[in-house]
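Here are some notes for a colleague who is about to work from these coordinates. Please read them alongside the structure itself.

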Amino acid sequence: MLQDKKKRLIRNLDTIKESYIKLVMMKSGEREAFEHGNYEFLYELSQNERFIIGDINELMKFVVPDLIGLRNDPEVHSRMEEIDGLQESVIQDSLAVRGLLEEQSCSTRSKLENVRKISSVHSNSLPRIVDLRA
C-alpha cells in the first residue's frame, strides 16, 4: 500500500514538473512576444499560464497529503528539488517579463503626456468655431 502511494505521488510530482517545464517555455514565449510587439499572443500565453497554474493547484490537493508521509523519501525529495528549481525559474522569468511590461507602460505613459501637452498647445492657438445655433 505504501509502495502504491509512493508510485502515485511520484507520478503526480512528474506531472507537476512537466507543467512547470511548460510554464518555463511559456515565459520564454512571452518574452519573445513582447520583444516582437505581439501583444495578442502575449495575452494568449498569459491565459494559458493561468490554466496550467490552476491544474497544478488542483493536483497539489492530492499531492500534499501524500507528501507529508513521504517527504523524507530520497526519490520524492529529489523530485521536489527539481520542482522547486523550476518554480524559481518561473518566478524569475515572470519578474523579468513584468519588468519589461512596466518599462513599456512608463514609456507609453510618457509619450501620451507629451502628445497631450502638444495637442493642448495647438488647440489653444487654433481659432475656435462658434456655434451659431445657440
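How many helices and how many strands are there in the protein?

1. The model is a predicted one, and the protein in it contains 3 helices and 0 strands. Followed along the sequence, these elements give the pattern α-α-α.

2. Helix H1, which covers residues 2-35, has 34 residues and reaches 49 Å from its first C-alpha to its last, a value close to the 50 Å expected at 1.5 Å a residue. Just after H1 comes Gly 37, whose phi is positive, at about 70 degrees.

3. Helix H2 takes up residues 39-70, and its axis and that of H1 come within 9 Å of one another while crossing at roughly 160 degrees. Because angles over 145 degrees count as roughly antiparallel, H1 is described as roughly antiparallel to H2. The crossing in which H1 passes H2 is left-handed.

4. As for the composition of this contact, the residues of H1 and H2 that take part in it divide into 21 nonpolar, 6 polar and 8 charged.

5. Turning to the protein as a whole, buried residues make up 24% of its 134 residues, where buried stands for a relative accessible area under 20%.

Key:
Residues are numbered from 1 along each chain as its sequence is written. This is a predicted model: local features need pLDDT of at least 70, side-chain atom pairs count only at pLDDT 80 or more; totals for chains, interfaces and linings use all residues. Side-chain values use heavy atoms; hydrogens and water are left out. Axes are lines fitted to C-alpha atoms, for helices over the stretch in contact, and angles run from 0 to 180 degrees between N-to-C directions. Helices (H or I, at least four residues) and strands (E, at least two) are DSSP runs, numbered from the N terminus. Angles under 35 degrees count as roughly parallel, over 145 as roughly antiparallel, 65 to 115 as roughly perpendicular and the rest as oblique. A crossing is left-handed if the near helix is turned anticlockwise from the far one by less than a right angle, and right-handed if clockwise. Ala, Val, Leu, Ile, Met, Phe, Trp, Tyr, Cys and Pro count as nonpolar, Asp, Glu, Lys and Arg as charged, and the others, Gly among them, as polar. The expected span of a helix is 1.5 Å times one less than its number of residues. Buried means under 20% relative accessible area, exposed over 50%, partly exposed in between (1.4 Å probe, protein chains only).
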